[in-house]
Amino acid sequence: MYYRLNAHCQLVKGACRGAIYDFKSGKVFSINPDALQLLEKCQGEPIDEVIDIKLPENKNVLEFIDQLTYRGLGAIYINKPEDKSMKNTEAEEQRLSFLWLELTSKCNNKCLHCYSSSDACRNDDKVPHERWMSLISEARKEGATSIQLIGGEPLLYPKWRELVIKANEEGYEFIEIYTNATLIDQSCIDFFKQQNVNIATTIYADNAEVHDQVTLHSGSFNKTMSAVRKILDAGIPIRIASIIMKTNENEADNILKLLEDLGLPATKLDVVRPTGRGDDEKLLPTKYKNPKIRPPFYTSAEEFWKAHKYHSCLAGKIAVSSTGDVFPCIFARNEICGNILDSSLSEILNGSDLQKCWNTTKDDVKKCKDCEYRYACYDCRPIAQSNDCNKDWYASTVECAYNPYTGVWQDDDSTE
């Protein structure tokens with residue numbers, strides 16, 4: 001008699017415990033060390049050679065097997081079954097799908113936490129307009145379907161409209177402008193509508209006093225909110241993000257209530273990231289914290305196998321700064337993978353520096369590589385790197401609440 005996990009399941013071993021990935025339900029089930037060892041042995045041996053099913057002390061083992069069978073995760077066979085488990089299918093070759101264009105380092109706000117350290121006095125933009133235009137064409141040919149114009153403040157870039165028109169001519173499916181919205185007037189609204197532009201902006205409070213303390217721009221809250229309401233009235237797609245730091249940590253609930261009042265979905269509030277001016281411990285909130293990574297975890301067969309080869313977030317993305325530097329993410333500014341003023345986009349995409357970032361998997365990351373959840377868990381390399389004292393690209397994330405060597409989850413309110 002044999003016992004096997006069903007073909008839609010995969011067993012993943014961690015340093016201490018294991019996990020069963022069920023691609024039919026998308027769920028990931030944790031199992032203890034004894035259960036892991038049992039299922040590993042059952043892959044090659046009859047169950048009655050693995051355990052003596054007649055012994056009373058093995059009753060709990062049989063109950064465990066019954067539970068797996070009841071959940072549709074495994075089955076008993078009289079004769080040795082054929083191996084029908086899903087094999088590691090080679091993930092489709094990753095192409096460029098999304099790019100950020102950081103048009104300018106100039107900004108009429110001077111936010112306390114700005115990841116690019118932008119302000120009104122910055123004057124280090126180097127990419128000529130013609131190169132931005134050609135880059136949009138190159139990126140589309142390389143597979144990109146989504147593009148976001150950012151800054152600084154992208155509306156301070158004199159010819160931003162031409163870039164939007166170019167992106168539409170090239171057939172991009174999604175075009176978004178991430179703006180502080182203080183410069184939006186009716187002509188911008190009309191243009192957004194005509195060109196099917198999506199808008200993203202950031203709000204730091206439901207009131208001018210706190211919001212403007214973050215932006216260091218008096219009147220910015222009223223200007224941003226006025227623009228948001230005009231955008232909503234025009235039926236233009238908009239999303240609103242928010243970053244929490246010491247200055248506005250008491251505003252979290254107020255921000256979510258403001259979004260509800262505007263008829264917008266609740267956003268995931270994010271704690272200030274240690275990049276640019278945000279790399280300052282004095283900005284960190286003392287009361288508000290991002291929730292630790294913890295179960296439940298979900299995945300699909302496609303995502304599971306892709307996670308063996310590519311990073312779950314970075315793969316297929318690039319950010320291009322106003323100096324031409326290319327990063328795998330706007331927050332991964334230590335990882336310069338080339339410069340569009342010196343190289344073609346194709347050369348950068350195929351270069352070892354960018355491929356290293358795209359191909360970083362949890363099997364490479366400290367601690368994560370020994371975790372049974374590694375093929376279903378979210379990962380942010382820029383945050384992990386920025387929080388590491390050595391700025392190690394493969395550092396484990398501080399947002400993880402799990403110790404894979406003991407199999408114990410840490411309480412959210414405990415300290416390490």
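Predicted model: local features only at pLDDT ≥ 70, side-chain atom pairs only at ≥ 80, totals over all residues.

Trainee: How many helices and strands does the protein chain have?

Mentor: There are 13 helices and 16 strands. The C-alpha atoms of the chain fill a box of roughly 80 × 45 × 45 Å along the principal axes.

Trainee: What share of the 416 residues counts as buried?

Mentor: The share is 52%. Buried is under 20% relative accessible area, exposed is over 50%, and partly exposed lies in between, with a 1.4 Å probe and protein chains only.

Trainee: Why does Gln94 count as buried?

Mentor: Its relative accessibility is 16%, so Gln94 counts as buried. Gln94 sits in the loop between strand E5 (74-77) and strand E6 (98-102). Beyond residues up to four places away in sequence, Gln94 touches Lys306, Tyr310, Ala315, Gly316 and Trp358; a contact here is heavy atoms within 4.5 Å.

Trainee: What makes the link between the side chains of Gln94 and Lys306 a polar contact?

Mentor: The distance joining the two side chains is 3.4 Å. The definition asks for a pair of N or O atoms within 3.5 Å; within protein, one must be able to donate a hydrogen and the other to accept it, and residues adjacent in sequence count only if both atoms are side-chain atoms.

Trainee: Why does Ser137 count as buried?

Mentor: Ser137 has 13% relative accessibility, so the label is buried. Ser137 belongs to helix H4 (residues 129-141) and touches Lys166 and Glu170, not counting residues up to four places away in sequence. Ser137 and Lys166 are 29 residues apart in sequence and 8.1 Å apart in space, C-alpha to C-alpha.

Trainee: How do you know that the length of helix H8 fits its residue count?

Mentor: The expected span is 1.5 Å times one less than the number of residues. For the 14 residues of H8 (220-233) that should be 20 Å, and the end C-alpha atoms are 20 Å apart, which agrees.

Trainee: Which residues of H8 are buried, and what puts them on one face?

Mentor: They are Ser220, Phe221, Thr224, Met225, Ala227, Val228 and Ile231. Down the axis of H8 they fall within an arc of 160°, so they line one face of the helix; the arc is that of the directions from the helix axis to the C-beta atoms. Among the partners of the buried residues of H8 are H7 (208-215) and helix H9 (252-262).

Trainee: Why are H7 and H8 called roughly perpendicular?

Mentor: They pack at an angle of about 105°, with axes 8 Å apart. Axes are lines fitted to C-alpha atoms, for helices over the stretch in contact, with angles from 0 to 180 degrees between N-to-C directions. Under 35 degrees is roughly parallel, over 145 roughly antiparallel, 65 to 115 roughly perpendicular, and the rest oblique. The two helices are therefore roughly perpendicular. Ala208, His211, Asp212 and Thr215 of H7 meet Ser220, Phe221, Asn222 and Thr224 of H8.

Trainee: What puts the buried residues of H9 on the same side?

Mentor: Those residues are Ala252, Ile255, Leu258, Leu259 and Leu262. They cover an arc of only 125° around the axis, which puts them on the same side of H9. The face turned away carries exposed Asp253, Glu260 and Asp261, while the buried residues of H9 pack against H8, E10 and strand E11 (243-244).

Note on methods: Residues numbered from 1 in each chain as written. Heavy atoms only, no water. Helix = DSSP H or I, 4+ residues; strand = E, 2+ residues; numbered from the N terminus.
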